Each structure stands twice: as structure tokens, then as C-alpha cells.
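Hello,

Here is the structure you asked for. Please open it first, then read my notes below.

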Amino acid sequence: MLHQIIYISTARPSLILSDVEDILRASRRNNERARVTGLLIFDGKRFLQALEGSMEDVEATFSRIAVDPRHRALVRLSGRAVEGREFGDWSMGSHLVGPVTGKGDMVGHVDAMTEGLTDPNMRETLRGFARIRGGAAG
Ligand SMILES: Cc1cc2nc3c(=O)[nH]c(=O)nc-3n(C[C@H](O)[C@H](O)[C@H](O)COP(=O)(O)O)c2cc1C
């Protein structure tokens, strides 16, 4: 059994693109080593991240993330056991959307990305997030 957590957080207002790039660089490096997979969505204001792997590795990673001053107000949306990796094929950071990257259309992006998820609740959680944020971002 693997452990999976999903949380949202709010980026520090002064966060700039190079901060996000730094986060992604560290994430790819550390997560590959710890065999933690997942995704990170950033819309310019809020982060949504899924992390999965062994209980120990996921919690150790999350403990580091939780004290990172580049974001605040972390809320754990979900924490559960999964039989297999749901985000295993996704490289952290391939799903940055919104004003920061100019890639636009978070709603369409998240819809497409979550199509293959086995758990309908998870799919709706992620899609709901995209809709709230997507709407607010106009
Ligand atoms: C929104 C957000 C997501 C992050 N995700 C990860 C992650 O998945 N893995 C990780 O190792 N660090 C992540 N970090 C960075 C950690 O907080 C921390 O800076 C980093 O793990 C330190 O690694 P280093 O000592 O190798 O530089 C994230 C930070 C933020 C703000």
C-alpha cells in the first residue's frame, strides 16, 4: 500500500516565477530520490499538490513543505492509502498553469489531466479546485 496526500496552500504574495522554478527543481531532485510522485498545480495564487509514495517518504516530504515560507495556510484535502500510483506518470511541474506561465486555461488542463483517475472523488476534488481558481482568475 502506498500513501497519498493532497493539500492546497496560498503562495506568499511576493512569490515570483524564479521561486516556483526553484521549488520545482528541488522537488524533482528530492522526489526522484525518495520515489515520491505527484503533481503540483500553481495558478499564480494557490498551490494544489498531490504526493504519493511510502508513508515515511511522503510524510517526511510534507513536513519539509509545510514549514516552507514561500507559502502559507496549508489545508490537507485528502490523506489515504492507495493501491497504486495515481500520479505516477506525471513529472512534478508539468502542470503549471495560469498567469505565471501564460499557459492559461486551468479548467481544461485539469479536466484532461484527471480523466484517467480511478477515484471519482479525487477527480472531483481536483476539478472543483480548478473551477474555483479558474473562475477567480477570470
Ligand atoms: C508549494 C510547494 C511545494 C513543494 N513541493 C516539494 C516537493 O514535492 N518535494 C520537495 O522535496 N520539496 C518541495 N518543496 C520545497 C520544500 O519546501 C523544501 O524547500 C525543499 O524540499 C528543500 O530541499 P533541499 O534541501 O534539497 O533544497 C515545495 C515547496 C512549496 C512551497
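**The pocket and its ligand**

Three elements, α1, β3 and α2, each give at least two residues to the lining of the largest pocket. Keep in mind that this is a predicted model.

Start with the pocket. It holds about 310 Å³ of space. Its lining has 16 residues. Nearest the centre of the largest pocket are I23, S27, I65, D68 and R70. α1 supplies the largest share of the lining, 5 residues. Sorted by class, the lining has 7 nonpolar, 6 polar and 3 charged residues.

Now look at the shell around the ligand. It counts 17 residues, and the closest are S27, R29, N31, R64 and D68. α1 (17-34), β3 (46-53) and α2 (55-66) each supply at least two residues of this shell. The largest share again comes from α1, with 6 residues. By class, the shell has 7 nonpolar, 6 polar and 4 charged residues.

- S27: a polar side-chain atom lies 3.3 Å from a nitrogen atom of the ligand.
- N30: an N or O atom of the side chain is 3.0 Å from an oxygen atom of the ligand.
- D68: a polar side-chain atom lies 2.6 Å from an oxygen atom of the ligand.

How much of the ligand does the protein bury? Alone, the ligand exposes 620 Å², and the protein buries 80% of that.

Best wishes

Terms used. Residues are numbered from 1 along each chain as its sequence is written. This is a predicted model: local features need pLDDT of at least 70, side-chain atom pairs count only at pLDDT 80 or more; totals for chains, interfaces and linings use all residues. Side-chain values use heavy atoms; hydrogens and water are left out. A residue is near a molecule or strand if one of its heavy atoms lies within 4 Å of it. A polar contact is a pair of N or O atoms within 3.5 Å; within protein, one must be able to donate a hydrogen and the other to accept it, and residues adjacent in sequence count only if both atoms are side-chain atoms. Accessible areas come from the Shrake-Rupley method with a 1.4 Å probe; for residues, only the protein chains shown count as cover. Helices (H or I, at least four residues) and strands (E, at least two) are DSSP runs, numbered from the N terminus. Ala, Val, Leu, Ile, Met, Phe, Trp, Tyr, Cys and Pro count as nonpolar, Asp, Glu, Lys and Arg as charged, and the others, Gly among them, as polar. On a 1 Å grid over the protein atoms alone, a cavity is a set of points where a 1.4 Å probe fits but cannot get out, and a pocket is an open set with protein on both sides within 12 Å along at least five of seven lines; lining residues have an atom within 4 Å of a point. Grid points are joined across faces, edges and corners, and a volume is the space filled by probe spheres set on the points.
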